[in-house]
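Let's take a walk through this one together. Keep the sequence and the 3D view open as you read.

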Amino acid sequence: MNSREHILSEIRKLKLPKSELFGIPIFGIEGDLLDSFKQAILSNKGEVISEDELIDSLQSGGYINIYTPLDQYATYSNCDLPEDPHDFRNLDLAVVRGHFGVAENGAIWLDDTVLAHRVLPFITEHLIIVLDQKSIVSNMHEAYSRIGQEYSGFGVFIAGPSKTADIEQSLVIGAHGAKSLRVVMLGKEKEKGILT
Amino acid sequence: MSHPIQAAKFLEDKSNAKWHDETLWFVRDKRDTSSKGIPEWENLRELASSIKDNVLSNLDSYLVEFEKNAIKNGIKIHWAKDAEEHNQIVLSILKEKDCKAIVKSKSILTEECHLNPYLEENGVEVVDTDLGERIVQFLNQPPSHIVLPAIHLKKEHISEIFHEKLQTEKGNNDPYYLTQAARKHLREKFLAAKVAITGVNFGVAETGEFVVCTNEGNADMGVHLADTHIACMGIEKLIPKREHLGVFLRLLARSATGQSITNYNSHFRSPSEGKEIHIILLDNGRTKQLGREKFRNSLKCIRCGACMNTCPIYRRSGGYSYDSVVPGPIGSILSPGIDLKKHSSLPFASTLCGSCSDVCPVKINIHEQLYEWRQEITKAQSSINAKSIAMKIANGIFSTPYAYKLSGQIMRGSLKILPESVTYSNLNTWGKERDLPELPKQSFKDWYKNNGNE
């Protein structure tokens, strides 16, 4: 008997009584979703900035290598999408689009459709995520019902910059991934062309 | 070595023990604040527990469903009945890829299998990439806590190790400076590794995907740069549907550190073009534990570490005193199932206060299982020890009213005159760190006779 059969037969042998699977009730969240989301991002040591501040950042000259797959900001992108993701090793700033945000914890959903390479939001020194401010859902239950059965090979909730407290519980921002996370909330007039 | 002996060693450094106790209590406190922000917290715990009940009672069919869907997504599935087979599978993949150096993100399961020493013996360099794990790896130590691997170390100590291993400035203890040095060092490792290993927080039967949560982003740095991702997963990590992730992700980080969510929560469903994902499904005693009705619930554990942070014994004895891959209350009910003899002192490393059960996000009755293990262990111990003799004497005294009365009188009289060297002798283990209570002049019975009718 191979290990697969062995493990499955060990379980079946126990003939455990079946326990029911209950549905998840609807849990709401009080207060303004957008405010809660912004507050959560701050608690996670991220920042919320305006689109003007984003443009300022892109124009500042403070970032040598900038990459964005977004057409809107393509003029500021000075790297081509490399074939080998390792070639992003010196990337200073990436600007990507997020699908939606979660008010209770500041998590933002990204998947293969918005990430040129899966490693992009991690390997870049600094990360900016652009988000439609109408896209905020209340909590993780609503988040998963929004994702539904959509298929993506990879998906990630990013809620803040890379951080650690492994040395004496002192919080340090910038462990292995992006050293900062800034979120741009786009209003109605700005979203055209980026979020459609 | 038994838990009390190891704990006594930990307590020799009083200021460190105090720091450890207070720091973990601080984490527990953050968990409280965070969970209280969720009005439906108790509903979520109940829900999570019932979902895990359903998983455990249908584990075979969920495993088959998970396997089928994962294969459909282009993932390769391996089954390992024990640690040895698990390690052999990992090595065979590395050999096939001609890989001599790997990066690994936090995985308690690979600690359980002692994967690192096995791979090193076979000529593979293993780099743990979680900062805390890298620190303890430099010291050839195991993690002392499942979420905070280096919680037993002070920054001065870490600075010394980094000075030696990473050539940081001598005496620079700044956590930011030290973390940046580790970032630079590990970046090189990430960029060079062809194979990356991760653990698994949750596997979803319905979709065949699995989720890995980190704050540092180390798991993602590893796997997205490598050509091959090996995910090592205990068979109990399954959940039925994707929507159930909502329940567990709301509970996990809040219970672990008080954060509302970890900063990176990655869902792996299929490999990128040209790359490979392997999942190893490990039993290693889990089906045995599943068969033990009293201890089955321990398999619900999602490894948040809340029971450690709250435990008055763990906080005051440190992770190493348990000599178990998973220390603390949950480790004390998991480990005896794997090796009863080695871990026989662990279920006694508890006050049975029940705080562990109260904070557990999946409502494992930890303290009740600790009590159950004590019954099993006492039954299994045939030899006569000091405690069993004392209990026999006590049994005689308590069952004979006259003996009870007389022994009370003798104790009240003699304890006053006996020198401390006798009353606090080695036979009185209770009095090691405690003073005996002040003795009343008369027994309660006498007192009641005189005052009871008032």
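Predicted model: local features only at pLDDT ≥ 70, side-chain atom pairs only at ≥ 80, totals over all residues.

Residues are numbered from 1 along each chain as its sequence is written, while chains are lettered from A and ligands numbered from 1 in the order in which they are written.

Start with chain B. Its C-alpha trace spans about 90 × 55 × 45 Å along the principal axes, and the chain holds 22 helices and 10 strands. Helices here are DSSP runs of H or I with at least four residues, strands are runs of E with at least two, and both are numbered from the N terminus. Of the 454 residues in chain B, 48% count as buried. Buried means that 20 or more other C-beta atoms lie within 10 Å of a residue's own; 12 or fewer makes it exposed, anything in between partly exposed, and the C-beta atoms are placed from the backbone. Among contacts in chain B with a separation of 6 or more, 72% are between residues 24 or more positions apart. A contact, by the way, is a pair of residues whose C-beta atoms, placed from the backbone, lie within 7 Å.

Chain B splits into domain 1 (1-37 + 308-382), domain 2 (40-284) and domain 3 (400-451), with bounds that come from an automatic or database domain assignment. The centres of domain 1 and domain 3 of chain B, taken over C-alpha atoms, are 32 Å apart.

Now pick out helix α2(B), residues 14-36. Its 23 residues reach 33 Å from first C-alpha to last, close to the 33 Å expected at 1.5 Å a residue; that expected span is 1.5 Å times one less than the number of residues. B:His20, B:Leu24, B:Val27, B:Arg28, B:Arg31 and B:Ser35 are the buried residues of α2(B). They pack against α3, α12, α14, α15 and α17 of chain B.

Next comes an open sheet of 6 strands in chain B, ordered β1-β10-β7-β4-β2-β3 and paired in parallel. Strands β1 (76-80) and β3 (125-128) of chain B sit at the edges with a single partner strand each, so one side of each has no neighbour in the sheet. Pairing here asks for at least two DSSP bridges between two strands. β2(B) and β3(B) run parallel and are joined by 4 bridges, with B:Ala101 opposite B:Glu125.

Move on to helix α8(B), residues 131-138. Here 7 of the 8 residues are buried, so the helix is largely enclosed by the rest of the structure. The buried residues of α8(B) pack against β9 of chain A as well as β3, α9 and α10 of chain B. Just after α8(B), B:Asn140 takes a positive phi of about 55°.

B:His114, in the loop between α6 and α7 of chain B, has a positive phi of about 50° and is partly exposed, with 15 other C-beta atoms within 10 Å. B:Asp323 lies in the loop between α15 and α16 of chain B, with a positive phi of about 45°; it has 18 C-beta neighbours inside 10 Å and counts as partly exposed.

So where do the chains meet? 58 residues of chain A are in contact with 65 residues of chain B. On the chain A side, α1(A) gives the largest share, 8 residues. That side divides into 28 nonpolar, 19 polar and 11 charged residues, where Ala, Val, Leu, Ile, Met, Phe, Trp, Tyr, Cys and Pro count as nonpolar, Asp, Glu, Lys and Arg as charged, and the others, Gly among them, as polar.

β8(A) and β9(B) pair in the antiparallel sense over 5 bridges, and A:Gly155 has B:His267 as its bridge partner.

Notes: Contact = placed C-beta atoms within 7 Å.
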